[in-house]
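Welcome, and thank you for taking a look. Here is a short briefing to read alongside the sequence and the 3D view.

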Amino acid sequence: MDPHEAEKHISGANPPVFFYVTYGLCLCLGLLCVLFVSLWSSLWLGGFAWNGSDLQFNWHPVLMVSGLVVLYGIAAVMYRVPFTWKQRKSIWKWAHAALMFLALLLSILGLCAVFDFHRAAGIPDMYSLHSWVGICTVVLFAFQWVLGLAGFLLPCSPRWFRASLKPAHIWLGSAILILSLTSCISGIGEKLFFSLDGDTGESYDALPVEAKFANFLGILIMAFGLIVFGILSKAQWQRPETDESAYPLLSEHGT
């Protein structure tokens, strides 16, 4: 889009009510995901601690759902929010990078929680498909964040590199979200099999209250992911490109 046309589009844009409804639903689902995983860990799994016990493990689902799914998804749709279009994109590059870094930090803390618990309990690491998908997701996330920092925020990044990186950045970002959803949903199922058929003596196939609650958490996570992808797929909800978008954050142009 021509820069002058983009500016006119930004200043005159009247975003559809449907966007705000969808975005509001996205935020509500994200909050519900965090609430449900926190209640599951508190009411059925016994609460939280950081002492190598089972209670330390309970941080793992809360931190992974909060960081790897909810914060990641909200950061991914940040540029779609229309009120940000009239402001300098550099501000929202900072906000996007900061929120993604917080999501990554929570994910790493979630991995530390489960690895410390395994070490204290003498449980081997990285033996399940869930753990393989989860560690690959976090590694890709870290790689994506560093690459985004180098490509879009540093002044030494050449313009051709940013232009080439953008499609890959978008594709990899979507792939990471898919892996995050897969990892969290598989982790819920794995934990239910261990806790219901092992620790509590209740049978998963009898569908006790805990199983219904945790299964519904999985549905909420899936619904949140679908809403995020729905927002990202709408071309008319993309932020119009201007000259500012072509420059890195810390450049001689002040953007």
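Among contacts in the protein chain with a separation of 6 or more, 74% join residues 24 or more positions apart; contact here means heavy atoms within 4.5 Å. This is a predicted model, in which local features need pLDDT of at least 70, side-chain atom pairs count only at pLDDT 80 or more, and totals for chains, interfaces and linings use all residues. Residues are numbered from 1 along each chain as its sequence is written, and side-chain values use heavy atoms, with hydrogens and water left out.

**Overall fold**

- The protein chain has eight helices and zero strands, where helices (H or I, at least four residues) and strands (E, at least two) are DSSP runs numbered from the N terminus.
- Of its 255 residues, 48% count as buried; buried means under 20% relative accessible area, exposed over 50%, and partly exposed in between, with a 1.4 Å probe and protein chains only.
- Tyr 20, in helix 2, and Pro 82 are 62 residues apart in sequence, yet 9.2 Å apart in space, C-alpha to C-alpha.
- Tyr 20 is partly exposed, at a relative accessible area of 41%.

**The largest nonpolar core**

- A nonpolar core is a set of buried Ala, Val, Leu, Ile, Met, Phe, Trp, Tyr and Cys residues joined through side-chain atoms within 4.5 Å.
- The largest one has 54 residues, and Trp 40, Phe 141, Ile 221, Phe 224 and Ile 231 touch the most other members.
- Two or more residues come from each of helix 2, helix 4, helix 5, helix 6, helix 7 and helix 8 (209-233), and helix 4 gives the most, with 12 residues.
- Leaving aside neighbours within four places in sequence, Ile 231 is in contact with Phe 19, Thr 22, Tyr 23, Cys 26, Val 77, Arg 80 and Trp 237.

**The second largest pocket**

- On a 1 Å grid over the protein atoms alone, a pocket is an open set of points where a 1.4 Å probe fits, with protein on both sides within 12 Å along at least five of seven lines; lining residues have an atom within 4 Å of a point.
- The second largest pocket has a volume of about 680 Å³, a volume being the space filled by probe spheres set on the grid points, which are joined across faces, edges and corners.
- Of its 34 lining residues, the closest to the centre are Phe 57, His 60, Val 114, Glu 190 and Lys 191.
- Helix 7 supplies the largest share of this lining, 10 residues.

**Ser 180 and the cysteines**

- Ser 180 lies in helix 7 and is buried, at 0% relative accessibility.
- Beyond its neighbours within four places in sequence, Ser 180 is in contact with Leu 68, Val 69 and Thr 137.
- The structure holds zero disulfides, a disulfide being a pair of cysteine sulfur atoms within 2.5 Å.
- For Cys 184, the nearest cysteine sulfur is that of Cys 33, 9.0 Å away.
- Cys 184 is buried, at 8% relative accessible area, whereas Cys 136 is partly exposed, at 44%.

**Two loop residues with positive phi**

- Most residues other than glycine have a negative phi.
- Met 126, in the loop between helix 5 and helix 6, has a positive phi near 55° and is partly exposed, at 29% relative accessible area.
- Leu 207, in the loop between helix 7 and helix 8, has a positive phi near 55° and is partly exposed, at 38% relative accessibility.
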